[in-house]
Amino acid sequence: FLPLIGISCGGSETMTTLKTTYSDAVRLAGGVPVLIPQIRDSLTVAELVRHLDAVILSGGEDIDPLYYGEEHLPELGEVNALRDTADLLLIRTALRQGKPLLGVCRGEQVLNVALGGTLWQDIPSQIPSSGLHHRQAEPSTVATQTITVSEGSRLASILGVTQIGVNSHHHQAVKDLAPGL
């Protein structure tokens, strides 16, 4: 049997959206992608997650800082209240059911917030000395930075290298890591 991998989607009240790279990656890895719209009904989410083998939390808009006890900074990007609510419910449900979670960009950040962590709302304005430039103009297919992966880590063993080129289109990052992460 092929594993069913749920993927959180963005969108609005009338539309569900997701970049095809997520579903393509799941298919190429031997799974069946299941797109998860922004559902806010806990019974529906619980039943859906019960059938999944794992959940991927996809990238997207900024997370409302009110969820981690901060006021909005002027540099905060677009937030999606519907998605924040749906993603937080999805995360808590998946964790309760013991389902593996993978967060990509926003997904990793909202997972941190769901578990009690905080975020830098805007790296350039809050940490001007960082020198980090994460809003590349190039498309996502172009690697614009090199990162170092910890030697001996699970990721290093999967990649087979400790340095790799990556892209980056975000301006937020984990500030305080949530307990357990």
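These legends describe close-up views of a predicted model.

View 1. Leu181 lies in the segment after strand S10 (173-174). Its relative accessible area is 47%. Leu181 therefore counts as partly exposed, since that class runs between the 20% limit for buried and the 50% limit for exposed.

**View 2. The second largest pocket.** The volume of this pocket is about 150 Å³. Strand S6 (101-103) and helix H4 (106-114) are the elements that each give two or more residues to the lining. The lining residues are Leu101, Leu102, Gly103, Glu108, Leu111, Asn112, Val174, Leu177 and Leu181. By class, six of the lining residues are nonpolar, two are polar and one is charged.

**View 3. Ser8 in strand S1.** Strand S1 spans residues 4-8 and holds Ser8. The relative accessibility of Ser8 is 1%. Ser8 is buried because this value falls under the 20% cut-off.

**View 4. Ser8 and Gln38.** These two residues are 30 apart along the chain. Their C-alpha atoms are separated by 7.4 Å.

Note on methods
Residues are numbered from 1 along each chain as its sequence is written. This is a predicted model: local features need pLDDT of at least 70, side-chain atom pairs count only at pLDDT 80 or more; totals for chains, interfaces and linings use all residues. Side-chain values use heavy atoms; hydrogens and water are left out. Helices (H or I, at least four residues) and strands (E, at least two) are DSSP runs, numbered from the N terminus. Buried means under 20% relative accessible area, exposed over 50%, partly exposed in between (1.4 Å probe, protein chains only). On a 1 Å grid over the protein atoms alone, a cavity is a set of points where a 1.4 Å probe fits but cannot get out, and a pocket is an open set with protein on both sides within 12 Å along at least five of seven lines; lining residues have an atom within 4 Å of a point. Grid points are joined across faces, edges and corners, and a volume is the space filled by probe spheres set on the points. Ala, Val, Leu, Ile, Met, Phe, Trp, Tyr, Cys and Pro count as nonpolar, Asp, Glu, Lys and Arg as charged, and the others, Gly among them, as polar.
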